[in-house]
Amino acid sequence: MGKKGKREKKGKGAEKTAAKMEKKVSRRAKKEEEDLEALIAEFQSLDAKKTQVIESSCPPPSPRLNGSLSAHPERDELILFGGEYFNGQKTFLYNDLYIYNIRKNSWSKLEIPNPPPRRCAHQAAVVPTAGGQLWVFGGEFASPNGEQFYHYKDLWVLHLATKTWEQIKAPGGPSGRSGHRMVACKRQLIIFGGFHESARDYIYYNDVFAFHLDSFTWSRLAPAGIGPSPRSGCQMTASPEGNVIIYGGYSKQRIKKDVDKGTLHTDMFLLKAEGVGKEEDRWSWSRLSPSGVKPPPRSGFSVAVGPGSRSLLFGGVHDEEEEESIEGDFFNDIYFYDMGKNRWFPAQPKGPKSEKRKRRRGKQGEAEAAGEEDTEQRPAQGPLEIVKEVVAEDGTVMTIKQVISGPAEEQEGSEEEEEEEGGAVGQRVEPCPRSNAMVAVKHGTLYVYGGMFEVGDRQFTLSDLHSIDLHKMEEWKVLVEMDPKAQEWLEESESDEEEDDVEGAEGGEEEEESSEEESEDEGAEEPHPAVEPGEDAVGYLARTEQYWVRVARSHMGPEAKDKKVLKVAHAMAKTFHEDS
């Protein structure tokens, strides 16, 4: 009893400390978020000009990371939403929606009225209801200089059949956050973890919420047992039985003033549903001790659910923190976790099979189970380091250090067989190592889009698309190649002007093009008050202030404070004057 009482007191003390920290972070973040709300409202006013659904063919999306890629539940399509891009000086946030047609290997842009505001590090989950629904929760918006953050706590649904966005307003949901994880589990959306950050403070979460898709209500779960410590960016997978598995993630804590220590988590937990179907679901945490070969510690990995009740992990980065710098080893490997067997194993592409090998192995060589046993029984190999060089458009030579889980034994062992068939083994095609990529699985094929890697102080954001058949695990296919011309990098400047910041935050070249198209269509809509020749910003604001207050009020609702509405109205007027 004594030990149990101590544990309970310790748990309650930790809860109180976390609650105090959350209040502290919320207070300091409030001022920042008020400033950013004005910027978000400006962008929403631009989105409000869209009154009809427009779907048009387009080139592949611009480079980005921390967006969401989801498989359409009924069509051979992938849905890309949101994300971010950093060019060395400015942060660009997106809320554009792209559709990738798998059969045609083509992209189209889908413009739908009243979309969610720009964001990254959100979560998206697809359910097959009513022709398919894409649910989006949370994420963050950043100021152009990347120093202020706004964390969303809103919930949206994209009705795929009717191509309409709808914001779902229900009380009792999670607080604003990003880096959380969300999965569709039975008739619920389960959300775990994440973090909230202001300029000076941060807090990581380990709470669990459920959104009920039948009643459109939130509930905060209180699972029995000891669960994961607070973290973001973990692997979260729903099992066919309605349970949830959590692996890994990242968190940091302040060890002294201005000094933070990051932690790469490698533990694993099961969140089990008990009494499902009764009036009140009960849940419990338990720790898992999987067998097999686990992934090396990392953050920024991407997750999806593959065939045969296996979750998969792709890529990521392991940062080595030195006194004055951070060096990262980036990955492009795949690890499977078999939920039924509670077992990890690496998945190395085998390379294309020769006709001779196919004849000798027969049907067994084609079977998925044989491939699995092959991989699982292979003894654990030490990491293999490969160094590549890529030349960017501006002549910069990027040296990429690639760390993979082990040598490709099967290909090496069958080299003679390949040569007997008269075909020399060519160099493997594969995505370069990266973190924060967007992944999805459709018909047993894994698709990997975008992400980023770093070389020294320079960040390279990607826009390539690769795929691999998870049943055969033979070879990667390049669907969209990396475009070196898209690799813009600007050195840091201490004299960035505020006007450039506002312009840059609107989304780069794509946004500039679309704003030109919008300006052509403005004649059909009620235009904003025009700027008169020679009129400065002060004069324009004095003449049109009441108009912009009405526009801001319509965006923010009747409950918003007059002072905040006025601030947003002034920001809108200033932006319109600068763009005119």
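Biologist: How many bridges join strand S17 to strand S18?

Modeller: First, the terms. Strands (E, at least two residues) and helices (H or I, at least four) are DSSP runs, numbered from the N terminus. Two strands pair if DSSP finds at least two bridges between them. Here, eleven bridges join S17, residues 244-256, to S18, residues 259-274. The two strands run antiparallel. Within this pairing, Lys252 stands opposite Gly262 of S18.

Biologist: What should I know about the model before going on?

Modeller: This is a predicted model, in which local features need pLDDT of at least 70, side-chain atom pairs count only at pLDDT 80 or more, and totals for chains, interfaces and linings use all residues. Residues are numbered from 1 along each chain as its sequence is written, and side-chain values use heavy atoms, with hydrogens and water left out.

Biologist: Which sheet holds S17 and S18, and in what order?

Modeller: They belong to an open sheet of four strands, ordered S16-S17-S18-S19, with antiparallel pairing. Strand S16 (235-238) and strand S19 (282-287) are the edge strands, as each pairs on one side only. From one strand to the next, the twist averages 35°. Such an angle is taken between N-to-C directions, from 0 to 180 degrees, along axes fitted to C-alpha atoms (for helices, over the stretch in contact).

Biologist: Which residue does Asp267 meet in a salt bridge?

Modeller: Side chains of opposite charge can pair when their charged atoms come close. The cut-off for a salt bridge is a side-chain nitrogen of Lys or Arg within 4 Å of a carboxyl oxygen of Asp or Glu. Asp267 meets Arg231, at 2.7 Å from N to O. This pair links distant parts of the chain, 36 residues apart. Asp267 sits in S18, while Arg231 is in the loop between strand S15 (217-220) and S16.

Biologist: Are Asp267 and Arg231 buried or exposed?

Modeller: Buried means under 20% relative accessible area, exposed over 50%, and partly exposed in between (1.4 Å probe, protein chains only). Both Asp267 and Arg231 are buried.

Biologist: How many salt bridges does the structure hold?

Modeller: The structure holds 14. One of them joins the side chains of Asp333 and Arg298, with N to O at 2.7 Å. Asp333 lies in strand S23, residues 326-338. Arg298 lies 35 residues away, in the loop between strand S20 (291-292) and strand S21 (302-306). Both Asp333 and Arg298 are buried.

Biologist: Why is strand S13 described as largely enclosed?

Modeller: Count its buried residues. Nine of the ten residues of S13 (188-197) are buried, so the strand is largely enclosed by the rest of the structure.

Biologist: Which strands pair with S13?

Modeller: Strand S12, residues 181-185, runs antiparallel to S13, with five bridges between them. Arg181 stands opposite Phe192 in S13. S12 and S13 form a hairpin, with two residues between them. Lys186, in the turn, has a positive phi of about 55°. S13 also pairs with strand S14, residues 202-212, in the antiparallel sense, over nine bridges. There, Ile191 has Phe209 of S14 as its bridge partner.

Biologist: Which residues does Glu77 touch?

Modeller: A contact means heavy atoms within 4.5 Å. Leaving out residues up to four places away in sequence, Glu77 touches Ser70, Ala71, His72, Ile99, Tyr100 and Ile102. Glu77 lies in strand S3, residues 77-86. Glu77 counts as buried because its relative accessibility is 15%.

Biologist: What does the whole protein look like in numbers?

Modeller: The protein has ten helices and 30 strands. Of its 580 residues, 49% are buried. Among contacts between residues at least 6 apart in sequence, 59% join residues at least 24 apart. The protein exposes about 29,300 Å², with 48% supplied by carbon and sulfur atoms. Such areas come from the Shrake-Rupley method with a 1.4 Å probe; for residues, only the protein chains shown count as cover.

Biologist: Where does the pLDDT fall below 50?

Modeller: pLDDT is the predictor's confidence in each residue, from 0 to 100. Its mean over the protein is 79, and 71% of residues reach 70 or more. Over residues 363-382 the pLDDT is below 50, and the model gives this stretch 30 contacts beyond near neighbours in sequence. Over residues 404-425 the pLDDT also stays under 50, and the model has 44 contacts beyond four places in sequence for them.
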